[in-house]
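Colleague: Could you walk me through this one before I set anything up?
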Amino acid sequence: MRRVRAVLASGAAVVVLAAGYAGLDVAGAVPGPLTTTPAPTASPLPTAPGAQPPPGSPAPVLPTLDAGAPVPDPAALARTVAPLLADPALGASVSASVVDARTGRSLLAGAETVPRTPASTTKILTAVAALRALGDTSRVRTRVVAGATPEEVVLVAGGDVLLAAGAGDPDAVDGHAGLGDLAARTAAALRAAGRTAVAVRLDDGLFTGPATSPGWGAGDVGAGFVMPIAPLAVDEARLVPGEYAPRAADPAMAAARVFAQALGADGITVLDAGDGPVVRAAAPPDAQVLGSVSSATTAEQVEFMLTASDNTLAEVLARRVALATGRPGSFDDASVAVVEQVAALGVDVAGVQLQGASGLGRGTRITAAALTGVLTLVASGEHPELGPVAAGLPVAGVTGTLTDRYDQPDSIAAAGVVRAKTGTLTGVSSLAGFLRDTDGRLLAFAVMSDSVPPGGSLAARRAQDRFATALAGCGCR
């Protein structure tokens with residue numbers, strides 16, 4: 001099972017992002033002399049300058065920001081980086097936006113208001129919407145309650161698809177809560193009531209509508225890129241270990257059977273329902289709670305989702321946003337709810353249309369201007385709760401989906417300097433995030449290509465890496 005340690009940067013981000021540059025620094029989002037904790041990503045970030053590194057720790061990677069650094073001159077910047085957008089590897093449909101993250105001033109605009117297929121850069125909008133609507137410290141509970149008859153108990157799905165099969169790990173995001181723990185608590189409550197045999201029911205009615213999207217590729221589930229969306233799963237329904245592993249066709253029922261097995265191992269006889277150990281049934285209103293476990297916080301899940309580019313978690317977070325805003329928990333409602341939350345923050349969402357919240361939906365359209373608008377808002381400190389968005393963006397050559405990028409002679413200079421969300425589908429490549437230019441100025445950028453030549457994904461990614469590298473190396477004054 002994939003495990004990510006849940007460190008304390010999320011709490012720091014909530015408090016200090018109001019200070020703008022200093023906030024990003026202290027939160028670990030853009031490490032600098034004030035950084036006190038690494039960002040909670042799949043691979044911990046090296047200790048930043050100014051902190052006391054533990055013995056044997058890696059050397060600092062991300063350079064220090066300078067709040068007084070000059071803003072690049074747009075004309076000089078365009079002369080340096082605009083020609084790179086004409087690289088044939090990017091295809092004929094390219095958009096780009098570069099913005100001074102501190103002031104919101106546009107420094108480069110190329111078809112920035114043209115809606116394009118964004119792939120996984122969609123997750124930036126999903127992350128912002130989740131943090132705004134759900135709150136960074138919120139968690140979801142998986143509960144077992146008394147059933148409609150004295151012999152029944154009901155496993156109630158709450159939206160946790162990162163459950164462990166056994167014991168939970170309080171220091172992890174994936175596997176933070178465990179069905180083994182839930183079974184043990186339930187068994188203890190049953191024994192205290194003199195009960196040693198129960199029938200297990202599953203209430204997974206939290207989400208509605210289809211479990212898969214018509215915008216997904218035919219092989220996306222089979223290839224393990226995403227699971228059928230449900231409000232309950234063990235390790236996102238992976239049937240074997242591995243990031244892109246086959247998924248259970250019915251994730252919630254597969255998890256419920258794991259729970260029933262664990263309950264049996266704890267000495268409670270699980271009565272056969274005729275079609276197996278578990279059948280579906282709605283939990284009675286206000287039923288007695290026999291046991292519960294809670295997920296990692298929304299902030300930690302957002303960071304995990306961005307760093308790992310986790311499609312399943314993105315879709316589940318968006319459905320939780322829909323429910324929190326009074327909509328049904330369906331694909332369509334989640335898509336609308338995410339855009340509504342981003343718009344409510346003052347970001348121009350003209351032309352933005354989502355087909356799901358992960359970027360797998362081919363019908364999704366986002367503008368480069370919307371992406372840099374969201375990123376600028378994150379950096380501004382106006383909404384401290386959005387700090388985990390910056391903290392979750394992969395670091396070039398260091399973490400997440402950028403681990404194996406920025407290793408070429410023409411991009412290695414930006415390793416550790418660029419922090420960005422990647423996006424890749426067949427014919428689509430995008431990159432959006434932050435970087436520090438050579439003068440110490442924080443820039444937000446987005447570059448999108450949705451007509452990448454056949455077989456050209458790697459070349460397109462490298463072209464976008466060269467663009468970001470040139471941007472980082474250009475004081476442009």
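Modeller: A disulfide here is a pair of cysteine sulfur atoms within 2.5 Å. This is a predicted model, in which local features need pLDDT of at least 70 and side-chain atom pairs count only at pLDDT 80 or more, whereas totals for chains, interfaces and linings use all residues. Residues are numbered from 1 along each chain as its sequence is written, and side-chain values use heavy atoms, with hydrogens and water left out.

Colleague: How many disulfides does the structure hold?
Modeller: The structure holds one, formed by Cys-474 and Cys-476 with their sulfur atoms 1.2 Å apart, and the link is right-handed, with 110° about the S-S bond.

Colleague: Is Cys-474 buried or exposed?
Modeller: Cys-474 is buried (under 20% relative accessible area, with exposed over 50% and partly exposed in between, for a 1.4 Å probe and protein chains only), its relative accessible area being 7%; Cys-476 also counts as buried, at 7% relative accessibility.

Colleague: Switching to helix H7, how many of its residues are buried?
Modeller: Eleven of the eleven residues in H7 (residues 298-308) are buried, so the helix is largely enclosed by the rest of the structure; helices are DSSP runs of H or I with at least four residues, numbered from the N terminus. Among the buried residues are Glu-300, Glu-303 and Phe-304.

Colleague: And what follows H7?
Modeller: Ser-309 follows, and its phi is positive, near 50°.

Colleague: What about Glu-315, which helix is it in?
Modeller: Glu-315 is found in helix H8 (residues 311-324). Glu-315 is buried yet has no salt bridge, meaning a side-chain nitrogen of Lys or Arg within 4 Å of a carboxyl oxygen of Asp or Glu; the nearest side chain of opposite charge, Arg-319, is 5.8 Å away.

Terms used:
Helix = DSSP H or I, 4+ residues; strand = E, 2+ residues; numbered from the N terminus. Lys, Arg positive; Asp, Glu negative; His and termini not counted.
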